[in-house]
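Hi there,

Here is the structure I promised to pass on. My notes on it follow below.

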Amino acid sequence: MAAAQLDLYRYLKPGKDHLSSVWHVPDGYNREGSMGRLYTAPTPGTHPLYLCTVRGDHFLTGDVNCEGQQYVTRLGWIQDSPQPGVPSAPLYRCLASGRQIFESTDPNCEGMTNAGGPLGYTLTG
C-alpha cells in the first residue's frame with residue numbers, strides 16, 4: 001500500500017507574499033499551481049518540511065526551529081533525494097526583490113535568485 005500524500009500548492013497574495021502549503025490558506029491568497037506532493041508521515045529517505053514566517057513572509061524549511069524565525073506548522077515529509085522508480089521534482093527556495101521568499105520547481109527560480117539548492121524532492125507521479 002502506498003504511503004498517504006498531500007498536494008503542496010503555491011499561493012500568492014498579490015503584492016505581498018507567496019505561501020506554499022498543503023493546508024487551507026488565509027483569505028486573499030490565490031492558488032498559483034502545484035509544487036508536487038508530500039508524504040503525510042515519515043517514510044525512509046524523507047525529512048519533515050515546515051512552514052515558517054519572517055516579517056510576514058512565509059517560507060519552507062527542513063529546520064524545525066525555522067532558522068530562528070517563527071514556526072507555523074509541519075506540512076509533511078519530502079524526499080531527501082530522487083528515489084529510483086518514484087517520479088519526483090526538486091523543490092527550490094527562491095528569493096525575489098531581495099526579500100520575498102518563495103518556492104519553485106524551476107532550478108532558475110523563475111528568473112529570480114536561487115537561495116541555496118533544493119529543499120528536497122516532491123512526488124510528481
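**What I found**

Asp57 touches Asp17, His18, Cys52, Arg99, Gln100 and Ile101, leaving aside residues up to four places away in sequence; contact means heavy atoms within 4.5 Å. This is a predicted model, where local features need pLDDT of at least 70, side-chain atom pairs count only at pLDDT 80 or more, and totals for chains, interfaces and linings use all residues. Residues are numbered from 1 along each chain as its sequence is written, and side-chain values use heavy atoms, with hydrogens and water left out.

Asp57 belongs to strand 5 (residues 57–61); strands are DSSP runs of E, at least two residues, numbered from the N terminus. Asp57 is buried but has no salt bridge, and Arg55, the nearest side chain of opposite charge, is 5.0 Å away. Buried means under 20% relative accessible area, exposed over 50%, and partly exposed in between (1.4 Å probe, protein chains only). A salt bridge needs a side-chain nitrogen of Lys or Arg within 4 Å of a carboxyl oxygen of Asp or Glu.

Tyr50 and Tyr71 have their ring centres 6.0 Å apart and their planes at 50°, so the pair is tilted. Tyr50 is in strand 4 (residues 46–54) and Tyr71 in strand 6, so the pair ties together parts 21 residues apart in sequence. Tyr50 is buried at 9% relative accessible area, while Tyr71 is partly exposed at 38%.

Best wishes

Conventions:
Helix = DSSP H or I, 4+ residues; strand = E, 2+ residues; numbered from the N terminus. Lys, Arg positive; Asp, Glu negative; His and termini not counted. Phe/Tyr/Trp six-rings, centres within 6.5 Å; stacked < 30°, edge-to-face > 60°.
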